[in-house]
Protein chains: 2
Amino acid sequence: MKALLIISHGSRKETSNQEVRDLSLKVASQLGESFDVVEAAFLELADPLIPEGIRRCADLGAKEVLIVPYFLAAGRHVIEDIPGIVDAERPLYSDVRISIAPHLGSSDAMAAFVADSALSFKA
Amino acid sequence: MKALLIISHGSRKETSNQEVRDLSLKVASQLGESFDVVEAAFLELADPLIPEGIRRCADLGAKEVLIVPYFLAAGRHVIEDIPGIVDAERPLYSDVRISIAPHLGSSDAMAAFVADSALSFKA
């Protein structure tokens, strides 16, 4: 049983947090059968926080959790904060394989994605 | 003469800021002839800041500047801060049409992008 956990920063604007939760539903519909569950969690300012997000995946029966940091740049949050929080949770889930994918902004396809976004803008 | 200005948050980690500058070069190579110049600017913590980024585009001869907020979620920075800074600059450039595209995370293609990112991860 495999879970995808999308982690974003979290915002004081609840509409912004909801945007990420809605995204995770859309991602789930794109994944086919590769992942059994898709959850969203937040680094701060919104619920669920990362530990609770991991807990949800494990409670649903996940034996593998792939964490995708929904961040564009490799700042402190990506380099230190998220790995630190995840490492602190690992001992609680000895039977779950928890991996962290590279942050979204590091994707080779990002430049084309930004270019497409610019080209599709109609003023 | 048309410029694309990619705006990201800016980080205390200079490697993170450089990641965005490198991205803007890659985006330029993807755009073909639709834009004559691509610049990167930052909301805070890194140079150039947004006013200087707009200035660079104008100095290069841009009559149109399309700003792409390189942000995933519509938090305060996207909703208030960037439009506020841009609006404050507009009176200085009466002959330049400055537009702000929707933030990157609002793209309809984002869910598929995140899904592809997850599916391509090899643990």
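Predicted model: local features only at pLDDT ≥ 70, side-chain atom pairs only at ≥ 80, totals over all residues.

User: How do I read the packing of H2(A) and H3(A)?

Analyst: In general, two packed helices are described by the angle between their axes and the distance between the axes. Here, helix H2 (residues 50–59) of chain A packs against helix H3 (residues 76–89) of chain A at an angle of about 50 degrees, and their axes are 10 Å apart. H2(A) and H3(A) are therefore oblique to each other, and their crossing is right-handed.

User: Which residues of H2(A) and H3(A) meet?

Analyst: From H2(A) you have A:Ile50, A:Pro51 and A:Ile54, which meet A:Ile82, A:Ile85, A:Val86 and A:Glu89 of H3(A). Sorted by class, that contact has six nonpolar, no polar and one charged residues.

User: And the interface: what area do chain A and chain B bury between them?

Analyst: The size of an interface is often given as the accessible area lost when the parts come together. For chain A and chain B that comes to about 3600 Å², with 75% of it on carbon and sulfur atoms. On chain A's side, A:Leu72, A:Phe113 and A:Phe121 supply 17% of the area buried against chain B, more than any other three residues. As for contacts, 46 residues of chain A touch 46 residues of chain B.

User: How many salt bridges are there between chain A and chain B?

Analyst: The count is two. One salt bridge to look up joins the side chains of B:Lys13 and A:Glu80, at 3.4 Å from N to O.

Technical notes
Residues numbered from 1 in each chain as written. Chains lettered and ligands numbered in written order. Heavy atoms only, no water. Axes fitted to C-alpha atoms, helices over the stretch in contact; angles between N-to-C directions. Helix = DSSP H or I, 4+ residues; strand = E, 2+ residues; numbered from the N terminus. Parallel < 35°, antiparallel > 145°, perpendicular 65-115°, else oblique. Left-handed = near helix turned anticlockwise from the far one by under 90°. Contact = heavy atoms within 4.5 Å. Nonpolar A, V, L, I, M, F, W, Y, C, P; charged D, E, K, R; others polar. Buried area = accessible area lost by both parts, 1.4 Å probe. Salt bridge = Lys/Arg side-chain N within 4 Å of Asp/Glu carboxyl O.
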